[in-house]
Amino acid sequence: MRCTLCPRACGAERTEGAGKGFCQSGLEPRVARAALHFWEEPCISGTRGSGTVFFSHCTLGCVYCQNQEISRGGFGKTITARKLADIFRALVDQGAHNINLVTATHFTYAVLEALEVYRPPVPIVWNSGGYERVETVRMLGDVVDVWLPDLKHVSSGLSALCAGAPDYFAFASEAIREMCRLSGPASYNDAGIMQKGTLVRHLILPGCTKDSMRVLDFIHDELPPGTPVSLMRQFSPVEGCPVPGLNRRITDREYERVLGYFQDLGLSGYMQEKTSATREYTPPFDLTGVEE
Ligand code: SF4
């Protein structure tokens, strides 16, 4: 097949095991870790953990990604869609509140196939960088319960520098609008776990508070009122990052500036503690839950 799943629309030829597109992915899913994860927002992780599947490769490839080893490095194991279904089942058996698919856009067909083999009795969470085509989002509309997209930047210059994707905001904004339309308003079970809805994440970058405010403006002005937002301060510099200025954590002043704006707009959701600005919350990518 020639792939146009994501906005790169590179038309790459992809076989089961290999691909020559931007994401370098074949059609069969490649996974670096599948385990209960406790470091998402409380409505996702709950007390028992989110059944999180970390897919290898990425359609964005941000230079500051905390998961470089898998997103840009491609670490992981290639498996079948049937094995992916077995992984979902194992996570449910471990008590997962949901199945949390992290960066799975390039494996959309395999995810759909796996969910035909086994449909978990818990919500399916689509956890992505937000760089999606509306057509692909619609393909997932019947199986995804909770959309968990990032909205990273508005500035096309910043998106070009960080991910070689100057069209990031144009695609992400339309995709997130569609996610909100498909999911309807957020709803939660008695334990406070999100069952339906769209939760938009935004990671504040050092020196980029104005762009963060533009992101919040879009959420306030263009998305349905009450759409929950997760404001994240966990940015941690990665070695060798080529973008000047992304070589430090954000300051308290930067965080407070964006947080104040968030509150002035009347947005609601989640704000991260300062202690979250650490790599501790990046799990080990060691094929846990994939090999056994
Ligand atoms: S999913 Fe990969 S191969 Fe397909 S269009 Fe996007 S980058 Fe290209």
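## Helix α7

In this predicted model, α7 has 16 residues and reaches 22 Å from its first C-alpha to its last, close to the 22 Å expected at 1.5 Å a residue. That expected span is 1.5 Å times one less than the number of residues. Helices here are DSSP runs of H or I with at least four residues, strands are runs of E with at least two, and both are numbered from the N terminus.

Tyr168, Ala172, Ser173, Ala175, Ile176, Glu178, Met179, Cys180 and Ser183 of α7 are buried, with buried meaning under 20% relative accessible area, exposed over 50% and partly exposed in between (1.4 Å probe, protein chains only). An α-helix has 3.6 residues a turn, so residues three or four places apart point the same way. Packed against the buried residues of α7 are α5 (134-139), β8 (146-149), α6, β10 (194-198), β11 and α8, where contact means heavy atoms within 4.5 Å. After α7 comes Gly184, with a positive phi near 70°.

## Helix α8

Next up is α8 (residues 209-222): 14 residues, reaching 20 Å from first C-alpha to last, close to the 20 Å expected at 1.5 Å a residue. Its buried residues are Thr209, Asp211, Ser212, Met213, Val215, Leu216, Phe218 and Ile219. Their cover includes α6 (156-163), α7 (168-183), β11 (200-203), β12 (229-232) and α9 (252-264).

## Strands around β10

β8 and β10 run parallel, joined by 2 bridges; strands count as paired if DSSP finds at least two bridges between them. Trp147 sits opposite Thr198 in β10.

β10 also takes 2 bridges from strand β9 (residues 187-188), this time antiparallel, and Ser187 has Lys196 as its bridge partner in β10. β9 and β10 make a hairpin with 5 residues between them, and Gly192 in the turn has a positive phi of about 80°.

β4 (residues 50-55) is mostly covered, with 6 of its 6 residues buried. Ser50, Thr52 and Phe54 point one way, Gly51, Val53 and Phe55 the other, and all are buried.

β4 pairs with β3 (residues 30-37) in the antiparallel sense over 6 bridges, and Phe54 is the β4 bridge partner of Arg33. With β6 (residues 99-102), β4 pairs in the parallel sense over 4 bridges; there, Gly51 has Ile99 as its bridge partner.

## Ground rules

Residues are numbered from 1 along each chain as its sequence is written, and side-chain values use heavy atoms, leaving out hydrogens and water. As this is a predicted model, local features need pLDDT of at least 70 and side-chain atom pairs count only at pLDDT 80 or more, while totals for chains, interfaces and linings use all residues.
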